[in-house]
There are 2 protein chains.
Amino acid sequence: MTRTVLESKTKTVVIGFDEPFCVIGERINPTGRKKLAAELELGDFTTVERDALEQVACGARVLDINSGAVFSNKMAEDPRYADNNFVEPPLMAELVARVQAVTDAPLCIDSSVPAALEAGLAAAEGRPLVNSVTGEEERLERVLPLVKKYNVPVVAISNDDTGISEDPDVRFEVARKIVQRAADFGIPAHDIVVDPLVMPVGAMATAGRQVFTLVSRLRTELGVNTTCGASNISFGLPERHGINAAFLPMAIGAGMTSAIMNPVRAQEMAAIRAANLLMDHDANGADWIRLARVIEAMKEGASFAEASAAASSAGRGRRRARG
Amino acid sequence: MTRTVLESKTKTVVIGFDEPFCVIGERINPTGRKKLAAELELGDFTTVERDALEQVACGARVLDINSGAVFSNKMAEDPRYADNNFVEPPLMAELVARVQAVTDAPLCIDSSVPAALEAGLAAAEGRPLVNSVTGEEERLERVLPLVKKYNVPVVAISNDDTGISEDPDVRFEVARKIVQRAADFGIPAHDIVVDPLVMPVGAMATAGRQVFTLVSRLRTELGVNTTCGASNISFGLPERHGINAAFLPMAIGAGMTSAIMNPVRAQEMAAIRAANLLMDHDANGADWIRLARVIEAMKEGASFAEASAAASSAGRGRRRARG
C-alpha cells in the first residue's frame with residue numbers, strides 16, 4: 001500500500017491508503033490575505049504563529065507554508081520588491097523557522113518560485129512536502145531536481161503547458177507524465193501526491209464525479225496518493241460548507257488520502273472524522289469520540305478552535321498523567 | 001440503467017442509478033413510538049397526517065407505512081388484539097387511506113405480517129413498494145406471490161433462516177438468492193431493492209466499508225437498486241447525526257440509490273442534497289439552492305420542517321403563477 005512519509009524534526013506523518021485522511025492546513029498563505037501580508041511586511045509573525053497552533057489543534061496534521069506575499073510599501077521604496085524571486089526566498093525561510101519553533105507538525109513548502117521552495121527546503125527540519133510541480137516543462141525541470149536533491153515528496157498538479165483540461169482523461173495523462181518524469185529523476189511514485197484538480201460543481205455539473213473517478217484511477221493505475229484544494233468544489237454556490245462537508249467523505253470513499261484546506265471549520269472537520277471512522281481508520285472510534293466532546297463544548301458557546309485547543313491540551317494532560 | 005418505478009394515484013417516483021437519491025420517510029411507524037401507538041389505538045390519525053405532510057415537505061419522496069402497533073388497552077379487554085395478524089391488516093388499510101388522502105407521495109407498505117402487506121396493497125392506489133421480503137424460506141413463499149399478484153417492487157433484506165451474517169459475502173449471496181427466487185415468480189431484478197443490512201460501526205469497525213463494497217457489487221453484479229436503514233450505522237455512538245451525514249454521501253458515492261430514514265433532520269438531508277449535486281443529479285443546482293434558502297430561514301429560528309414547508313408552498317405558488 002502506498003505510503004508518503006512526511007517528517008518534522010520530531011514527528012512522522014504518513015499519507016496513505018490505510019491511514020486517516022491527512023488534513024494539510026492552508027491558512028498560512030498571504031496570497032489571499034491582505035492583512036496577513038501587511039503584518040509579514042512589518043516582520044510581525046504573531047498571526048502566523050497563532051494560525052499554526054490553531055490549525056494543529058483543530059486537526060491539521062501538516063501545515064502548508066505559502067510565501068506568496070506582495071509587500072506594497074517596500075515595493076514603493078525599492079523596485080526589487082516587485083519581484084517575487086527577491087521577496088519569497090527569505091520570507092519562506094523565516095516562515096518555516098517561525099512555524100517550526102511553535103509546532104511539531106511536518107510542513108508543506110508552497111510557492112510558485114523555485115528559489116523559495118529551495119529556501120524552504122533548506123530551512124525545514126525533517127522531510128517536508130513540496131507544493132508543487134505541474135506538467136509544465138519548465139516547472140518539471142526546475143522542481144524535480146530539488147525534490148530529488150532533498151529526497152522529499154511532492155504535490156503534482158495535473159495541468160501542463162496547454163493549461164487545465166476540462167477532460168479528466170487528459171488530466172490523468174498529465175499526472176501519469178509527471179510520475180514518469182519523476183521516475184526518470186529517481187523519484188518513486190509513493191513520493192508523488194497527485195492533485196487531480198477540483199473544478200467548481202456550480203460551473204461544471206460533472207466536477208464531483210470527475211474527481212471521484214480520477215482519484216480511483218490514480219490510486220489503482222498509478223498507485224499514488226492524492227490531494228486537492230477541497231473548497232474549490234463549492235465555489236460560487238450558497239452554503240458552501242455543506243457542499244464541502246459532503247464532498248470530502250465522498251472523495252475519501254473514492255480513495256482520496258489528503259486535502260489542502262481550512263481545518264478551522266467544524267463542519268468539514270466533523271465530516272472528515274466521520275469518514276475516517278466509516279473507513280475503519282479510527283481505532284475504537286477514539287478520534288470521533290474526542291470530536292464529539294468538542295462539539296458538545298461548542299454547544300456551550302466555544303468556537304471550534306477554542307474547544308479543539310482545550311480538548312487537545314486536556315489530551316496532553318491526560319497522557320502526561322498516565323506517563 | 002436500473003429503474004424501480006413507484007406510483008401513487010397521480011405521481012411517479014423512480015429509484016435509479018441516474019436519479020436523485022430517494023429518501024423514504026420512516027416516521028409513520030408505531031413500533032418504536034408508544035405515543036403514536038396509543039393515538040392509533042384511539043383512532044386518532046392526526047400525528048400520522050402531520051408526519052406525512054412534514055416528511056414530504058422535508059424531502060421524502062416515498063412514505064413508509066408501518067402498521068406494527070401494539071394496542072395494550074384493547075388487548076386487556078379482547079385477547080385477539082395480542083395477535084398482530086388481527087391488529088395490523090385493518091390498521092394498515094386505514095393508515096394507507098389516511099396518508100393517501102393528504103399527500104400524493106407513493107407509499108412503502110411495511111409489515112412483518114403478510115396479511116397486513118396484502119391489506120396495504122389492496123388499499124394503495126398506484127404502485128407502492130413492499131417492505132419487505134428476506135431470504136427466509138417462509139417469507140419468500142408468502143411475500144413473493146403477493147409482489148407478483150400486485151405487480152409491485154419489493155425491498156429484499158439480505159438475511160435468511162440462518163440469521164444476519166457478519167460476512168458481507170454471505171449477505172451478498174442471500175441477496176442473489178432472493179433475486180433468483182423472485183425471477184422464478186416472474187419478478188424482474190429492477191423491481192427488487194436490496195437492503196444489504198447496515199451494522200453499527202461502533203460495534204463492527206468494518207461496517208461502513210462493508211456497505212460501500214456491497215452496494216457497489218449489488219449494482220454491478222446483480223443490477224439492482226439498494227436501500228438501507230441509514231441511521232443504524234451510528235447506533236451507540238455520540239453525535240450520531242454527524243456520522244449519518246458522512247455515511248449517506250459515501251453510500252451514494254458507492255452507488256446506493258435510496259434509504260429508509262427520518263427526513264425531518266436538516267443535517268442528513270443537506271448531506272443528501274449536496275451528494276445529489278456532486279453526483280450530477282441536481283440539474284442547475286436547483287435543489288441545492290432551494291435547500292440553501294431553507295438553511296437561511298433556519299438561521300432566523302425556523303425549524304427544518306417549518307422552513308421546508310414554507311419553501312415548498314412558496315415553490316408551489318411560483319409554479320402556479322407561471323402556469
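Begin with the salt bridges between the two chains: the count between chain B and chain A is two. Please keep in mind throughout that this is a predicted model.

Select Glu239(B) and Lys299(A) to see one salt bridge. These two residues form such a pair, and their closest N and O atoms are 3.0 Å apart. Next, colour the elements of chain B that give two or more residues to the side touching chain A: α8 (207-222), α9, α10 (266-278) and α11 (286-299). Which of the elements gives the most to this side? It is α9(B), with eight residues.

Between chain B and chain A, 10 residue pairs are in polar contact, both residues of each pair being at pLDDT 80 or more.

The contact takes 32 residues from chain B and 32 residues from chain A. The size of an interface is often given as the accessible area lost when the parts come together. Here chain B and chain A bury about 2600 Å² between them, and 73% of this area is on carbon and sulfur atoms.

Glu239(B) lies in the loop between β9 (225-226) and α9 (240-254) of chain B. Its phi is near 50 degrees, a positive value in a residue other than glycine.

Move to chain A and select Asp280(A), which belongs to the loop between α10 (266-278) and α11 (286-299) of that chain. Although Asp280(A) is not a glycine, its phi is positive, at about 65 degrees.

The last stop concerns peptide bonds. In chain A, select Asn131(A) and Ser132(A): the bond from the former to the latter is cis, with omega near 20 degrees. Ser132(A) has its place in strand β6 (residues 129-134) of chain A. Then select Asn131(B) and Ser132(B), which are joined by a cis peptide bond with an omega of about 20 degrees. Ser132(B) is found in strand β6 (residues 129-134) of chain B.

Key: Residues are numbered from 1 along each chain as its sequence is written. Chains are lettered from A and ligands numbered from 1 in the order in which they are written. This is a predicted model: local features need pLDDT of at least 70, side-chain atom pairs count only at pLDDT 80 or more; totals for chains, interfaces and linings use all residues. Side-chain values use heavy atoms; hydrogens and water are left out. Helices (H or I, at least four residues) and strands (E, at least two) are DSSP runs, numbered from the N terminus. Contact means heavy atoms within 4.5 Å. Buried area is the accessible area (1.4 Å probe) that two parts lose on being put together, summed over both. A salt bridge is a side-chain nitrogen of Lys or Arg within 4 Å of a carboxyl oxygen of Asp or Glu. A polar contact is a pair of N or O atoms within 3.5 Å; within protein, one must be able to donate a hydrogen and the other to accept it, and residues adjacent in sequence count only if both atoms are side-chain atoms.
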